[in-house]
Amino acid sequence: MQRDRAEPIAEKDISLTFAKGMAVLKAFDAEHTHLTLPQIARMTGYDRATTRRLVLTLVHLGYVRQRDRAFSLTPRILVLAGGFLQGRQFGKTIQPVMRAFAQRIGETISMAMLDGMEAVYVAHSGSEAGMARIGFTIGSRVPLLSTAIGRVLVAASDADTAREAIGAAPLVAHTPLTLTDRQAVAREVETIALSGHAFVDGEFEAGVAGLAVPIRTQSGTVAGLGLSAPRERFANGEFRREAVECLRECADAVGGLL
């Protein structure tokens, strides 16, 4: 699979103000839901006056809400993702297929795509209990190098993209089991490319294992399907084999829809 590579764009054709506004929006995440102007300025590197104009513009447009000195995102921000999800008919065609396979295996199945140096979740299907356990929503991001879904995305990418990710993607010791040697990660990615699936045990979250497979698409989109469960669940060899087969069949089914 090839990563989309845009042609270089001349600097004169780029709106720096728009880019700065997007940087302000990206400052808000799971750990920073409410921010003051000084905090946003520090996180973006912009001066106070520029930050104030950008934030107040976003307030005016309805993407950011102000309460006293704190600012937070509003539900209108979802409009930006809506076009992407609706255009690919995630809710209409892809999630029903994923739901059928999730019910078959009894676990929540998630889909993620490659976005720079991270994996971003674009769909989840499964039981409410499973959704609560994984703790992620559409739009959540996870590391490429220490998760099953991340490594499978790297393995499914073209050689240049994979090499870049292995060499530069963040590599943090989330648990004592996290591989932090990039050469060791590279060997894991090679193994994943050969076997067609990734299995990561306790490297991102203690006691939790993840399983993932790539989605082959004609468009070249780099995507993958995965599930996570307590490591004891995967101790059952039969369950693990069934899970791999279920994910592969689901990937085949949704691959032609992307």
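Me: Is Asp158 buried or exposed?

Reply: This is a predicted model, in which local features need pLDDT of at least 70, side-chain atom pairs count only at pLDDT 80 or more, and totals for chains, interfaces and linings use all residues. Residues are numbered from 1 along each chain as its sequence is written, and side-chain values use heavy atoms, leaving out hydrogens and water. A residue is buried under 20% relative accessible area, exposed over 50% and partly exposed in between, with a 1.4 Å probe and protein chains only. Asp158 has a relative accessible area of 8%, so this residue is buried.

Me: Which backbone nitrogen does the side chain of Asp158 reach?

Reply: Asp158 is found in the loop between α7 and α8; helices (H or I, at least four residues) and strands (E, at least two) are DSSP runs numbered from the N terminus. A polar contact is a pair of N or O atoms within 3.5 Å; within protein, one must be able to donate a hydrogen and the other to accept it, and residues adjacent in sequence count only if both atoms are side-chain atoms. At 3.1 Å, the side chain of Asp158 reaches the backbone nitrogen of Asp160.

Me: At what angle do helix α8 and helix α9 pack?

Reply: Two packed helices are described by the angle between their axes and the distance between the axes. Axes are lines fitted to C-alpha atoms, for helices over the stretch in contact, and angles run from 0 to 180 degrees between N-to-C directions. The axes of α8 (residues 159-168) and α9 (residues 182-195) are 9 Å apart, and the packing angle is about 145°.

Me: Which residues in α9 do Ala165, Ile166, Gly167 and Ala168 in α8 meet?

Reply: Contact means heavy atoms within 4.5 Å. From α8, Ala165, Ile166, Gly167 and Ala168 take part, and in α9 they meet Arg182, Ala186 and Val189.

Me: In what order do the strands of the open sheet stand?

Reply: Two strands pair if DSSP finds at least two bridges between them. The edges are held by β5 (141-143) and β6 (198-201), each with a single partner strand, so one side of each is left without a neighbour in the sheet. The pairing is antiparallel, and the 6 strands follow the order β5-β4-β3-β8-β7-β6.

Me: Which residue in β4 stands opposite Ile109?

Reply: Strand β3 (residues 109-115) pairs with strand β4 (residues 118-125) in the antiparallel sense over 7 bridges. Opposite Ile109 stands Ser125.

Me: At about what angle to β7 does helix α7 run?

Reply: Helix α7 (residues 148-156) lies across β3, β4, β5, β6, β7 (208-215) and β8 (223-230).

Me: Which backbone oxygen does the side chain of Thr44 reach at 2.8 Å?

Reply: Thr44 belongs to helix α2 (residues 37-44) and counts as buried at 18% relative accessibility. Its side chain reaches the backbone oxygen of Ala41 at 3.5 Å. At 2.8 Å, the side chain of Thr44 reaches the backbone oxygen of Ile40.

Me: Why does Gly45 count as exposed?

Reply: Gly45 lies in the loop between α2 and α3 (48-61). The C-alpha atoms of Gly45 and Lys20, 25 residues apart along the chain, are separated by 9.9 Å. Gly45 counts as exposed because its relative accessibility is 64%.

Me: What percentage of the 258 residues of the protein chain count as buried?

Reply: The protein chain has 11 helices and 8 strands. Of its 258 residues, the share that counts as buried is 43%.
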